[in-house]
Amino acid sequence: MSKLDQAKLLLQVRKIQKQLKNEVLEIVGGDGMIVIEITGEQKIKAVHLDPDRIDLEDIEALEDAVAETIRQAIAQSQKLAAKKMKPFMGQLGNLGL
């Protein structure tokens, strides 16, 4: 791979990374009790809880629902990143990345 090809590839990858940074997914969990906003970089932007759906007598269920929703949000964000980066994965190995 020529130096010019490497530079072009790195520019494309950086462009995708910037897109992922700006792309926000909303993951709903706990039967609508929780909404997690997460970027394509796996950074959580916000956590929203619906107070009308929270049972204060069962905080353990809330904690479990939050943890599960966060796991789902990270998994969805990782899938998005993998999908966007897939065309470049083989070529990145040639750059030692």
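**Close-up views of a predicted model**

View 1. The model is predicted: local features need pLDDT of at least 70, side-chain atom pairs count only at pLDDT 80 or more, and totals for chains, interfaces and linings use all residues. Residues are numbered from 1 along each chain as its sequence is written, and side-chain values use heavy atoms, with hydrogens and water left out. Helix α2 contains Ser77. Leaving aside residues up to four places away in sequence, Ser77 touches Leu25, Ile38, Thr39, Gly40, Glu41 and Gln42 (contact: heavy atoms within 4.5 Å).

**View 2. The negative surface patch.** Asp55, Glu57, Asp58, Glu60, Glu63 and Asp64 form a negative surface patch. Patch residues have over 30% relative accessible area and no salt bridge, like charges being joined within 9 Å and nonpolar side chains (Val, Leu, Ile, Met, Phe, Trp, Tyr) within 5 Å; a salt bridge places a side-chain nitrogen of Lys or Arg within 4 Å of a carboxyl oxygen of Asp or Glu. Glu57 is located in the loop between β3 (44-49) and α2 (59-93). Glu57 counts as exposed because its relative accessibility is 74%.

**View 3. The chain and its elements.** Two helices and three strands make up the elements of the chain, in the order α-β-β-β-α from the N terminus (DSSP runs: helices H or I, at least four residues; strands E, at least two). Of the 97 residues in the chain, 25% are buried.

Key
Buried < 20%, exposed > 50% of the residue type's maximum accessible area, 1.4 Å probe, protein only. Areas by Shrake-Rupley, 256 points an atom, 1.4 Å probe, with all protein chains shown as cover. Lys, Arg positive; Asp, Glu negative; His and termini not counted. Charge placed at Lys NZ, Arg CZ, Asp CG, Glu CD.
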